[in-house]
Amino acid sequence: MRRWLLWLPLVAFVALAAVAVHGLYRPNDLTVRSRLVGKPLPDFALPPLIEGRPGVSQADFATGAPRLLNIFASWCVPCIAEAPHLLRLKAAGVPIDAVAIRDTAPAVRDFLARHGDPYARIGDDPRSAVQFALGSSGVPETFVIDGQGRIAMQHVGPINEADVPRILQALEDAR
Amino acid sequence: MIAEAGLAALWLAAAMALMQLVLAALGLRMGRGVLPDAPGSDRADGAGETAAQLIAGVRPVAIVQGVLAALSFVLLIWVFVVSDMSVQLVAANSHSAKPMVYKIAGAWGNHEGSMLLWVTVLALAGGAIAVLEKRLNVATLVATLGAQAAIALGFYAFLLFSSNPFTRLDPPAAEGQGLNPLLQDPGLAFHPPTLYFGYVGLSVAFSFAVGALVTRDVGPAFARAMRPWVLAAWVFLTIGITAGSYWAYYELGWGGWWFWDPVENASLMPWLAATALLHSVTVLATRDGLRAWTIMLAVVAFSMSMIGTFLVRSGILTSVHAFAVDPTRGSFILALLILYIGGALLLFGLRIGLVKQGSTFELVSREGGLVLNNLLLSVILGIVLIGTLYPIVAQAMGTQLSVGPPFFNKTTAPIALALFAAMAAGPLVRWRRDNAQALLGRLTVPIAVAALAMAAVFVFAPDAGVLPILGLGLSFGIAVASVAPLWKRDLRRTPLFTFGMVTAHLGIAVSMAGMASESAFTVERLVAVRPGQITQVGPFSVRFDGLRPAVGANWSAIEARLTVTRGDGAPLVLRPQSRFFSAPSTVTSEAAIATLFDGQLYTVLGASDEGGRWQLRLWWKPWVTLIWFGGGLIALGGALSLVGRVRRERRQPAAREAWQTAAA
Amino acid sequence: MRMLALALLFAAAPAFAQSNVPQAELAWKQLPDPAREAEARALMEELRCLVCQGQSIADSDAEMAGDMRALVRERIAAGEDAGTVRAWLIERYGDYVSYDPPISSASAPLWIAPLVLLLVGAVIAARSFRRRRG
């Protein structure tokens, strides 16, 4: 047996230990991001969910001004946490459209009455079809769509205090 | 007072481990070149005498260490039994109203207690080696006990400095928090210790390997000393994996029995390494071959058990079997892992070149077959290890990817089939040198059986798929081949360990038949039904009779009543449940399974739809039970071998009473 | 250890937030054509549930997994082949969504590893035989 062969196990073990150390001290980022960021919004058209509020379609976006597309649900607990920050964004003049995942009209009306209503349009997505089309992997998620109808940014999870300026900046950049 | 006594015993045990390590190291150092290696070599000059005295202390110290650790563990059980709520661990994990068996099991059903159990078994194993091992060269034995002490010291430090199980609570809690009925499951109480016994057994094999590296004395005596520990570890690991697989099968509610999940892989890897070690140690014990390779495998097997523990505890990989993880504990295990395994591999690189070459053999020989076995097992082990860790590597390279069942099935199944074929032939090959043609002659019947079985499966179930057809056919051939070593033999004079090997190999064939049958013939029916409706699944007709509420300790449930009939047989009643837990709010499906001689009918109750219909998931899994029955046979075979080996060693008079010589 | 893990999962992990909307029918209903169903089933077993801890959509109770099962069955029933559906999802979620890592520069070492291991093992074994004979 050649000498170097005897050190092969140690070399393999060092590589293994390096992987373990890396895994432990640089934990994996487990958020799954959409691959469509930077690409045009896929074609979709969702009917309205509640009376007096239009549904959402791809055509509503390439209008020259950036908009937010918020994926939410009345049954989603973190959505309650992000509600006040969406209201702040609305107060700052940001137009926000929504896709409601697996939801019902009474539940959404109740949710909006309780936690505020930042939405210009609400599309009904009972089978998560648009969610899949966007490459979104949960609720809540928020997409920044630029004036040409391209996805400029994806925010995974609830929007908190610190995220508001980042999102405003992204909207500014997408102008 | 009892908790303090337990802590004191733990400290003393740690001190004994330190003493054991120091005595062994000093003794071996001073005795270098003068230590009596064999009876009759009494070159006792001054240094030799001191060395002999130091070394003579190692064995009693190891025994005392085992007794103290056991005492500490018994005292921990005691505070759980009397529900001493002034002990933090008891208050957090037990409750005075718990049934006694779960109070006792509660002692190791938590991190601190399980680490104490680990180190107790380790210390008892060290004590057992000190008492029982009479044939091994003294220096190797002392080095082994030194290595054992070094491993134990790491875990004592972990316990004493960061996971003290005896910490007091001031003021004491009024009542414990551990009355979660979900955690009161006999499987839950006894599954972890089973795996620990396996891991500790491998740590003993590791200590033997380090001992042998230190003294460069790698030979049959060393292999025979190590073998019972490897066998015992392997039996426990086999039981652990088999039970765990069945548990996941009925608990997860989708009929799967193996998911290639990181936690499952973590339990499989030490088993693969132990299986390889078990076979290479036989070559070393019988023919004095594969010296370096056996040492290497002993190190690998223990490192796999530590890596498994690390993966499970650190939570660096996402698993369906999510665990209460703690990165600090992960760091500690990782540090120990690097210290022990890195150290052992360094020693391997430095020393193994100095170990004399073992006996030689021909390609076509029993040894050659065992080399093939080791090669294929190691490749499977490597694939599982790389596949399990690869998501972390990919992340470091900036991509997210998932490695799951399709990858593992595609890569390991062909190698496993080759391995099983080799397993069928192996026991029919002679040691040292054999004639390829004669071997083929001995294999005629198994090969014919396998071919016939494959043809039969292909004729009756052409859609079964390539791997299942190969697997089913091979399993018949292997079943025949595995009992062939008993052919024309006087069974009363056949050694017990031969029966053990035959049983274990037969178990592999049985388990493989179950796996192939499950993947080829499972019938799935997903339906939504109203009460009174009948559904056909495989040979069964299942009538949904209706629903009724059911209530448990902390859950309420909707329970379906299903009447199952097969042909003209008597009807069976199955009651799958959909359970609602209130705190925290969770819904789980409790499968109802009918076990028949030729398979299982697996039923799950789903949700209701708008029209008042209820979803049912029904699976007919022909022969699926063979998977775990085979696992049981494998463990039984291992146990028979263990008893057979130990009895044979006992019967043979000790070749060397080396210990007495050294101590004298 | 695994059992403890599972029990803890049921005891402590937050339940999937449940909506009140009934599941899509194809989330739990098989396609009438057994060949199509088998194709869909094979794909579902390979797709990762995005809101679960390491489960495929074929064996997850999560509603999102159910919706994805419905999507797979619908598209395959409509005549798409499994490969197209898989590609559509990978285009959106990346390779992460598939348990069968597509061959790429990042996954190449993983797929080559078994062959390399076999080769290295065979070389070590063969060399030891030759040397032993001599």
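Author: We may, bearing in mind that this is a predicted model. Let us begin with a bend: helix α8 of chain B bends by about 30° at Met226(B), and a proline, Pro228(B), follows within four residues.

Reader: How many residues does α8 of chain B have, and what span does it reach from its first C-alpha to its last?

Author: A helix can be checked by setting its span against the value expected at 1.5 Å a residue. Helix α8(B) runs over residues 220-252, has 33 residues and reaches 46 Å, close to the 48 Å expected. Just after α8(B), Gly253(B) takes a positive phi of about 80°.

Reader: Why is α8(B) described as largely enclosed by the rest of the structure?

Author: In general, an α-helix has 3.6 residues a turn, so residues three or four places apart point the same way. Here the burial is what counts: 29 of the 33 residues of α8(B) are buried, so this helix is largely enclosed by the rest of the structure.

Reader: Let us turn to a single side chain. Is Trp118(B) buried or exposed?

Author: One counts C-beta neighbours; 20 or more within 10 Å make a residue buried. Trp118(B) has 25 inside 10 Å and therefore counts as buried. Its place is in helix α5 of chain B, residues 111-132.

Reader: Which residues does Trp118(B) touch, not counting those up to four places away in sequence?

Author: Trp118(B) touches Phe155(B), Tyr196(B) and Val200(B).

Reader: How should I read the side of chain B that touches chain A?

Author: Begin with the residues in contact, then ask which elements supply them. In this model, 24 residues of chain B are in contact with 17 residues of chain A. The elements of chain B that give two or more residues to this side are α10 (291-314), α11 (327-351) and α12 (366-396). Of these, α11(B) gives the most, with 11 residues. By residue class, the side of chain B that touches chain A divides into 15 nonpolar, nine polar and no charged.

Reader: Into which domains is chain B divided?

Author: Chain B is divided into domain 1 (1-180), domain 2 (185-350 + 367-430) and domain 3 (523-622).

Reader: Where in chain C is confidence lowest, and where is it highest?

Author: A chain mean should be read together with its local values. The mean pLDDT of chain C is 82, and 81% of its residues reach 70 or more. Confidence in chain C is lowest in helix α1 (residues 2-12), at a mean of 38, and highest in helix α4 (residues 82-93), at 95. Over residues 1-16 of chain C the pLDDT is below 50, and this stretch has 49 contacts in the model beyond near neighbours in sequence. For the complex, the predictor gives an ipTM of 0.90 and a pTM of 0.91.

Technical notes:
Residues are numbered from 1 along each chain as its sequence is written. Chains are lettered from A and ligands numbered from 1 in the order in which they are written. Domain bounds come from an automatic or database domain assignment. Two residues are in contact if their C-beta atoms, placed from the backbone, lie within 7 Å. Ala, Val, Leu, Ile, Met, Phe, Trp, Tyr, Cys and Pro count as nonpolar, Asp, Glu, Lys and Arg as charged, and the others, Gly among them, as polar. The expected span of a helix is 1.5 Å times one less than its number of residues. The bend at a residue is the angle between axes fitted to the seven residues ending there and the seven starting there. A residue is buried if 20 or more other C-beta atoms lie within 10 Å of its own, exposed if 12 or fewer, and partly exposed in between; C-beta atoms are placed from the backbone. pLDDT is the predictor's confidence in each residue, from 0 to 100.
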